[in-house]
Amino acid sequence: MTSGAGTSDELKALLPIEAADRLQSLRLVEGRAILVLDASGLAPAARDGLEAAVKAALEPAPGVSEVRVAMMADKAAPAAAPAAAPVAAAPAPAGPRILAVGSGKGGVGKSTLAANLAIALARMGRKVGLVDADIYGPSQARLLGTEDKRAVAHEGRLVPLQSAWGVPVLSMAHLSKAGQAIAWRGPKISGALVQLLEAHWDGAELLVVDLPPGTGDIQLTMLQRFRPAGAVIVSTPQDLALMDAARALDMFAKGGVPVVGVVENMAGYACPHCGEVSDPFGSGGAEAAAKEMDVPFLGRIPLHITIRREGDAGTPTAAGDSPQAEAFTTLARQVAGWLDEAA
Ligand SMILES: Nc1ncnc2c1ncn2[C@@H]1O[C@H](COP(=O)(O)OP(=O)(O)O)[C@@H](O)[C@H]1O
Ligand SMILES: [Mg+2]
């Protein structure tokens with residue numbers, strides 16, 4: 001799908017010098033020029049200026065219909081020195097460690113993955129809770145089959161709801177009436193997130209947090225306030241996976257959160273009838289992205305109808321013993337190993 005090296009080399013030659021110096025990767029995919037730049041040390045205005053200069057230089061080039069630029073902050077910094085995050089140190093949160101599950105955009109299966117990962121970890125004997133931090137599009141109540149439950153507070157803090165899968169859970173959906181539109185803003189959203197995270201998670205050693213999609217301020221504030229021990233980035237195999245994963249990686253870097261690795265979801269469609277595996281969205285994009293960004297690749301979760309059906313039914317795949325469940329178990333083993341080592 002990527003066009004010949006000659007073409008992207010021609011584009012490289014058009015870049016302003018500062019952009020060329022900071023270039024991490026440039027790919028030309030079906031007329032879309034996709035660049036990842038190292039934005040270390042740049043103020044927001046300088047980043048914007050650099051992005052504008054790159055677009056001005058490449059947009060007129062023949063064969064280019066669109067230019068996308070992802071800026072990555074110094075990726076070595078957070079792993080090497082998490083304490084040097086650009087925020088006044090938040091008090092080290094007592095209580096469970098946090099594992100953030102994030103993605104550059106929605107619809108990649110982040111919630112599905114967070115739920116199944118939490119369950120697979122619980123089946124390994126870990127004491128895991130699940131927090132749905134996706135305020136506007138909560139899905140963990142449905143995924144864990146707790147849609148009909150409502151959370152209550154005890155001594156001013158919420159009490160997590162027990163699911164049937166050994167994983168207590170809290171979601172905005174447990175606080176609002178079913179189907180009620182959630183149209184909160186700014187401080188109120190942060191307040192709601194704090195309530196979910198600072199609930200009575202007493203028995204849990206780990207909270208898997210399904211972050212809101214995207215890489216905005218809410219996410220960053222949350223990361224900085226709650227200091228996750230690590231983050232898993234979910235991506236699909238599509239061409240733009242590199243862009244989205246790069247954005248998510250940049251967000252975790254800014255928040256001083258070490259990245260456990262990238263998971264490729266919906267990788268290869270296994271026909272439920274004959275078992276033949278095909279690649280409707282291509283495959284390998286996330287692995288290539290992980291390699292380019294120098295973060296571990298944690299493996300693939302297949303695109304399989306049972307994963308969606310079981311998610312919709314509130315009986316997540318990882319709770320069963322299908323071959324699809326095995327993919328989540330394999331992932332959980334890696335994540336658990338990483339967490340143990342980091343501790
Ligand atoms: N590996 C998979 N195979 C099949 N369907 C999947 C898979 N992962 C996610 N889905 C489905 O894709 C849709 C989006 O997934 P979701 O977890 O809600 O994504 P996100 O949280 O990133 O928006 C859901 O309908 C979900 O059931
Ligand atoms: Mg979601």
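How many residues surround ligand 1, and which are the closest? In this predicted model, 15 residues surround ligand 1, and the closest are Gly107, Lys110, Ser111, Thr112 and Pro302.

**The surroundings of ligand 1**

- By class, the shell around ligand 1 is made of 6 nonpolar, 7 polar and 2 charged residues.
- Thr112 has an N or O atom in its side chain that sits 2.6 Å from an oxygen atom of ligand 1.
- The side chain of Asn265 places an N or O atom 2.9 Å from a nitrogen atom of ligand 1.
- His304 takes part through its backbone: a polar atom there is 3.0 Å from a nitrogen atom of ligand 1.
- On its own, ligand 1 exposes 560 Å², and the protein buries 80% of that.
- Two or more residues of the shell come from each of these elements: α5, β11 (259-270), β13 (297-303) and α11 (305-312).

**How α5 meets α12**

- Helix α5 covers residues 110-123 and helix α12 covers residues 323-342; their axes come within 9 Å and cross at roughly 75°.
- An angle from 65 to 115 degrees counts as roughly perpendicular, and α5 and α12 are therefore roughly perpendicular to each other.
- On the α5 side, the contact is made by Leu113, Asn116, Leu117, Ala120 and Leu121.
- On the α12 side, Phe328, Thr329, Leu331, Ala332, Val335 and Ala336 make the contact.
- Sorted by class, the residues of this contact between α5 and α12 are 9 nonpolar and 2 polar, with no charged ones.

Methods: Residues are numbered from 1 along each chain as its sequence is written. Chains are lettered from A and ligands numbered from 1 in the order in which they are written. This is a predicted model: local features need pLDDT of at least 70, side-chain atom pairs count only at pLDDT 80 or more; totals for chains, interfaces and linings use all residues. Side-chain values use heavy atoms; hydrogens and water are left out. Axes are lines fitted to C-alpha atoms, for helices over the stretch in contact, and angles run from 0 to 180 degrees between N-to-C directions. Helices (H or I, at least four residues) and strands (E, at least two) are DSSP runs, numbered from the N terminus. Angles under 35 degrees count as roughly parallel, over 145 as roughly antiparallel, 65 to 115 as roughly perpendicular and the rest as oblique. Contact means heavy atoms within 4.5 Å. Ala, Val, Leu, Ile, Met, Phe, Trp, Tyr, Cys and Pro count as nonpolar, Asp, Glu, Lys and Arg as charged, and the others, Gly among them, as polar. A residue is near a molecule or strand if one of its heavy atoms lies within 4 Å of it. A polar contact is a pair of N or O atoms within 3.5 Å; within protein, one must be able to donate a hydrogen and the other to accept it, and residues adjacent in sequence count only if both atoms are side-chain atoms. Accessible areas come from the Shrake-Rupley method with a 1.4 Å probe; for residues, only the protein chains shown count as cover.
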